[in-house]
Amino acid sequence: MALCVAAGSVVPSSVHSAEVTASPAASDAAAKAGPTAYPTDEARWPGKGVIRVFGWMVDNRREFWRQRDREQDRVVFAGDSLTAGWRSMKQDFPALPVANRGIGGDVSRGLLFRFQEDVLDLRPRAVVLLIGTNDLTAQQAPSDTVSNIESMITMARRYRSDLPFVVCTVPPSANPQAPVDPAKWKALNAGIASLAGRHAGVAVVDLAAPLSAPDGAFEPRYFAPDKLHLSAEGYGRWKSVLDPVLSTLRPADR
């Protein structure tokens, strides 16, 4: 099966490679003109599950590359459009240097591919990761998403054994154009929740309950009109559950 990486391409979840191959480390990457291109050969993609490459992802990564020297030693937020859409992130965490490495439309396998260059090469003081919504809308097996996240944790541990690593569970969604199977959503979040018990130094922050109504129903005020992306109030809620974890990472404590 050939892999086309034109805008909007998708590879079924049955395609995967066996090993995680890290991109060049910061010392090697410094001599490059830009980020490593998305592979055109599916065998060169690490991880499991769907692959998505859109034109703006290439543009986003080029912009990340231009910012890499001045965004070192920060708390790096990595993920898809839910992370990318947090436009007020730097203002919301004024006492904590942050870098946003979210890309709209990204899946866990795509984040795994770019994790070295876009995240670890920034020499992060901590990582906050939210990924999986697009995996669910693509009907990917939750176990594949959890496996990709675990591969990122492994890469982070190789970089620095005590690097704080925060994984967020996937918020609810009610967008009719991007339906999510409730059973798979619950299974994915259960798998993410289990990571804290299986990996030292990994904290799990739940976003499912805080971004839902008290009875568990979908709560529109936390979401944009598309019922998928977060509203300003939704980001405020996300911040409120992150603060207890990130408060230990204030510059004065380093």
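Let's start with the pairing of strand S3 (residues 75-79) and strand S4 (residues 98-102): the two run in the parallel sense over five bridges. Strands here are DSSP runs of E with at least two residues, helices are runs of H or I with at least four residues, and both are numbered from the N terminus. Two strands pair if DSSP finds at least two bridges between them. This is a predicted model, so local features need pLDDT of at least 70 and side-chain atom pairs count only at pLDDT 80 or more, while totals for chains, interfaces and linings use all residues. Residues are numbered from 1 along each chain as its sequence is written, and side-chain values use heavy atoms, with hydrogens and water left out.

Back to S3. Phe-77 has Asn-100 as its bridge partner in S4. S3 also pairs with strand S5 (residues 126-130), again parallel and over five bridges, and there Val-76 stands opposite Val-127.

How many of the five residues of S3 are buried? Five of the five, where buried means under 20% relative accessible area, exposed means over 50%, and partly exposed is in between, using a 1.4 Å probe and protein chains only. In a regular strand, side chains alternate between the two faces of the sheet. Here both faces are covered: Val-75, Phe-77 and Gly-79 are buried on one side, and Val-76 and Ala-78 on the other.

Now to helix H7, residues 142-159, which is where you will find Ala-156. H7 has 18 residues and reaches 26 Å from its first C-alpha to its last, close to the 26 Å expected at 1.5 Å a residue; that expected span is 1.5 Å times one less than the number of residues. Among the buried residues of H7 are Val-146, Ile-149, Met-152 and Ile-153. Ala-156 is buried too, with a relative accessible area of 0%. What does Ala-156 touch, leaving out residues up to four places away in sequence? Phe-115, Leu-120, Leu-163 and Phe-165, with contact meaning heavy atoms within 4.5 Å. Leu-120 is 36 residues from Ala-156 along the chain, and their C-alpha atoms are separated by 7.1 Å.

On a 1 Å grid over the protein atoms alone, a cavity is a set of points where a 1.4 Å probe fits but cannot get out; a pocket is an open set with protein on both sides within 12 Å along at least five of seven lines; and lining residues have an atom within 4 Å of a point. Grid points are joined across faces, edges and corners, and a volume is the space filled by probe spheres set on the points.

The largest pocket holds about 350 Å³. It has 18 lining residues, and Phe-64, Gln-67, Ala-84, Arg-87 and Asn-100 lie nearest its centre. S4 gives the largest share of that lining, five residues.

There is one cavity of 30 Å³ or more, and the largest cavity has about 40 Å³ of space. Its lining includes Phe-64, Trp-65 and Arg-101.

Last, two loop residues. Most residues other than glycine have a negative phi. Asp-73, in the loop between H2 and S3, has a positive phi near 60° and is partly exposed at 27% relative accessibility. Gln-139 has a positive phi of about 65°, sits in the loop between helix H6 (133-137) and H7, and is partly exposed at 40%.
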